[in-house]
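Dear colleague,

Please find below the structure that I am handing over to you. My notes on it come after the display.

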Amino acid sequence: MDMALPIVNATTAALARVSAAFNAPLARAVVFGVHIDGHLVVEGLLIAVIVFQLSRKSYKPPKKPLSEKEVDELCDEWEPEPLCPPVKERSHIDPAILESAAGPHTTIEGKEVVNFASANYLGLIGNEKLIDSCVGSLEKYGVGSCGPRGFYGTIDVHLDCEAKIANFLGTPDSILYSYGISTIFSVIPAFCKKGDIIVADEGVHWAVQNGLYLSRSTVVYFKHNDMASLASTLEKLTRGNKRTEKIRRYIVVESIYQNSGQIAPLDEIVKLKEKYLFRVILEESHSFGVLGKSGRGLAEHYGVPIDKIDIITAGMGNALATDGGFCTGSARVVDHQRLSSAGYVFSASLPPYLASAAVSAVNYLEENPSVLANLRSNVALLHTGLSDTPGLEISSHVLSPIVFLKLKKSTGSLATDLDLLETIAEQVLKEDSVFIVASKRSTLDRCKLPVGIRLFVSAGHTESDISKACSSLKRISASVLSDHV
Amino acid sequence: QDCFGRPIASAPDAWFDVVERHSNDGNKTLQRTTKTSKCLNLGSYNYLGFAAADEYCTPRVIESLKKYSASTCSARVDGGNTKLHTELEELVARFVGKPAAILFGMGYVTNSAIIPILIGKGGLIVSDSLNHISIVNGARGSGATVRVFQHNNPAHLEDVLREQIAGGQPRTHRPWKKIIVIVEGIYSMEGELCNLPEIMAVCKKYKAYTYLDEAHSIGAVGKTGRGVCELLGVDPADVDIMMGTFTKSFGSCGGYIAASKEIIHHLKHACPAHIYATSMSPPAVQQVISAIKVVLGEDGSNRGAKKLAQIRENSNFFRSELQKMGFEVLGDNDSPVMPIMLYNPAKIPAFSRECLRQNVAVVTVAFPATPLLLARARICISASQSREDLIKGLEVISKVGDLIGIKYFPVEQEKVASVDKLKKLE
């Protein structure tokens, strides 16, 4: 305490002297009516020191870029993965090689088999008129069209075909694509951009999924073919969300689902669409030429006027027995695609003979609507015949020409299910000469529906074909699936 | 508007019929008339002249049509595999020089569906800046990171590779799973050949896989038509994956991928375009088989060799003449694609319409396929055009060029003439 006091005294004396020294020259200085006293100067200095410290950057270790030698070492060390995974032992067998046209009866390895694996719904493969028109086109135009549509690839048969399809369906115009699956994955990105909302069925096939991915919009899936789930999804998206009114909204469904054979209930979808103000994109690859009184597709089947559906796409590789695809809708929908659809602008156009085949196929359908009645009776027959197959159950709609059989009790893994189904298909072919296939999945496919055996019914099948298929399938599945129950 | 999408009424051969269209509302909509005019075809991709009915190919195609019908209506793995398809796969593999091949029905789909199978998240794709949009879509669809290197610049490619391997994946800095470098054989908008030997050397050094897209070059360049590898002396076994289309040189439709047996086996089981899409139409398959046989000389004549020699002669002749006339022509020697630069977008319809009036059909390309100010007219030479056809084409283009003023380079004779004029003025 004795030491402290003199120190305190000394400091106060020093401070007083400093203040006096400051005060003297500034005694008469008045700034803004405030005397400049000595203590103000000291306070000013302190503030300056504090500000200086705060403004100094924090210490960071300096960044050194990698030297050339280090980059070289890293490059030498890096080992890439092999380009493809090693071949698994248990790979699938090679697909059967056909030796004649893929009609209702075809030849495999010299034997004649009944063919349930081609989607030849109207039996047009091998039709005389179709082949004649193709031969005429081939002789006139050659095989390929040698150019995209914008650069002299538009041949008059393309324009005729587009007009014919639009006429048949009752829409203003249509546009042709050169390949079946590229239709849908070019149409979706042409209309749906980043920031839009798309509500899609979870059972849509890979091409639709790819289109949805490429469009970069927000995609919400609803339960497969479940209208209640669709309604609740639409409700959730639009309720209370003011923003949804300003962005574009789409519903994407298929008319007959490839992965399950179900038919989408279009009348309910149209009702929901009008209630919540969405646009509908309908993928009709398997129902064009099949459903409806005269084969005009799902809209005719349900009695919905065709202009309520905004965009209809279809691949022609099924009922019309050619290749390629088309898209139709209002005139503006079609015109927009001529400039901005990637698969149309940047790709060679459809070979002309396939376009003329499409024209003759549509002509045939218009002239012979009885072929649809044949198809329907065949489907019904197959349904009744297969309804009591041991171990398999039919999961497709009664009217669908794709009859989809799935395992009653799945083994739990997709791969083993597929193995079982393929064994069944193999044996059916070897023993009874009936050609059926199991549906295969690609690794990129995100669909989670079960795999199954698909039978594509054609109007060209006879009753004996169908009964043969039913009996053989029942026998073989009984033997193969008996040990797995 | 009337310069694009001109319909034709005959096969896209050397001379074809262009349908005339008239418009009542200022070119907003165009109606077809029944009149056609015969024009010289300088725009279709018909490199070897297989576009029209050919004496060897067409009878066989018609036969296969009658046997197998126009389409198979099912995917390759289901019921769409015919003897023709397996035959063509072996033939393509032999032609290109790889162990195995796989077919697809459309060239665009080939690229978009293959790239996602080969590489996914955690991989790196380095692609040339001027690659075709099918490659861009495939790369985007795969989920891998995409980096671009300057067009045909191996030094820049090396820089990009070094930087990327050393840095690793974008935010985690983990090493890349694999790197694929994608280049094209002939770039369709420039007519340039790819600098393949040097790019291959760079890729080998840094252990990156290579993917070569030969859409325009297969069948059209090289001594026996085997494409860019043969022309530039690169061994096909070095390139990991070779892709090509049949639309351009073989007059058909569809695409293929040729690679080692393991890769093709993997693709056959995993590629969605193979599993879900309708298989190639059998007559188209037969057309390719016959065309390749003609090119290889296996049909018993030397038409194939003649066609190849013809197209090389035609391209070199045309290019040198155009350059002598003062046009600015891009592209390397031996490449059958030659763009003539127009630069000014207003000259596009002028060039196109004038040429059509004088019965020459050309293709003009503008934005978005090329940058806005680099518009060009693209000429595609075919083996079915004779020397007289080419000379007529040259005359017309020269006249139109004078009219529009696109001879950007000085011409030898003209220089002398202008110097004379100046002297006279003095």
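This is a predicted model: local features need pLDDT of at least 70, side-chain atom pairs count only at pLDDT 80 or more; totals for chains, interfaces and linings use all residues.

Residues are numbered from 1 along each chain as its sequence is written, chains are lettered from A and ligands numbered from 1 in the order in which they are written, and side-chain values use heavy atoms, with hydrogens and water left out.

**Domains of chain A**

Domain 1 of chain A brings 26 residues to the contact and domain 2 of chain A brings 31, where contact means heavy atoms within 4.5 Å.

Between them, the two domains of chain A bury about 2,200 Å², with 59% of it on carbon and sulfur atoms. Buried area here is the accessible area (1.4 Å probe) that two parts lose on being put together, summed over both. There are zero salt bridges between domain 1 and domain 2 of chain A, a salt bridge being a side-chain nitrogen of Lys or Arg within 4 Å of a carboxyl oxygen of Asp or Glu. Six residue pairs, both at pLDDT 80 or more, are in polar contact across this interface of chain A. A polar contact is a pair of N or O atoms within 3.5 Å; within protein, one must be able to donate a hydrogen and the other to accept it, and residues adjacent in sequence count only if both atoms are side-chain atoms.

On the side of domain 1 of chain A that touches domain 2 of chain A, the elements giving two or more residues are α14 (370–386), β13 (402–407) and β16 (452–456) of chain A. Helices (H or I, at least four residues) and strands (E, at least two) are DSSP runs, numbered from the N terminus. The largest share of that side, four residues, comes from α14(A). By class, the side has 16 nonpolar, five polar and five charged residues; Ala, Val, Leu, Ile, Met, Phe, Trp, Tyr, Cys and Pro count as nonpolar, Asp, Glu, Lys and Arg as charged, and the others, Gly among them, as polar.

**A sheet in chain A**

β13(A) and β16(A) also belong to an open sheet of four strands, in the order β12-β13-β16-β15 (chain A), with antiparallel pairing. Two strands pair if DSSP finds at least two bridges between them. β12 (392–394) and β15 (437–438) of chain A are the edge strands, each pairing on one side only. The antiparallel pairing of β15(A) with β16(A) runs over two bridges, and V437(A) stands opposite R454(A) in β16(A).

**Domains of chain B**

Chain B is likewise divided, into domain 1 (15–41 + 303–404) and domain 2 (56–296). Their C-alpha centres lie 28 Å apart, and each domain of chain B gives 19 residues to the contact. The buried area between the domains of chain B is about 1,400 Å², 59% of it on carbon and sulfur atoms.

One salt bridge is counted between domain 1 and domain 2 of chain B. The side chains of R376(B) and E190(B) meet in a salt bridge at 3.1 Å, N to O. The interface of the domains of chain B also has seven residue pairs in polar contact. On the domain 1 side of chain B, two or more residues come from each of α11 (303–325), β10 (337–343) and β13 (375–380) of chain B. α11(B) gives the most, with five residues. That side has eight nonpolar, five polar and six charged residues.

**Between the chains**

In the contact of the two chains, 93 residues of chain B meet 88 residues of chain A. The chains bury about 7,900 Å² between them, 66% of it on carbon and sulfur atoms. Zero salt bridges and four residue pairs in polar contact are found across this interface. The side of chain B that touches chain A divides into 50 nonpolar, 28 polar and 15 charged residues.

**Salt bridges overall**

Over all chains, the search of the whole structure finds 17 salt bridges. One of them joins the side chains of D173(A) and R338(A) at 3.7 Å, N to O. D173(A) lies in strand β5 (residues 173–177) of chain A and R338(A) in helix α11 (residues 331–340) of chain A, so the pair ties together parts that are 165 residues apart in sequence.

With kind regards

Technical notes: Domain bounds come from an automatic or database domain assignment.
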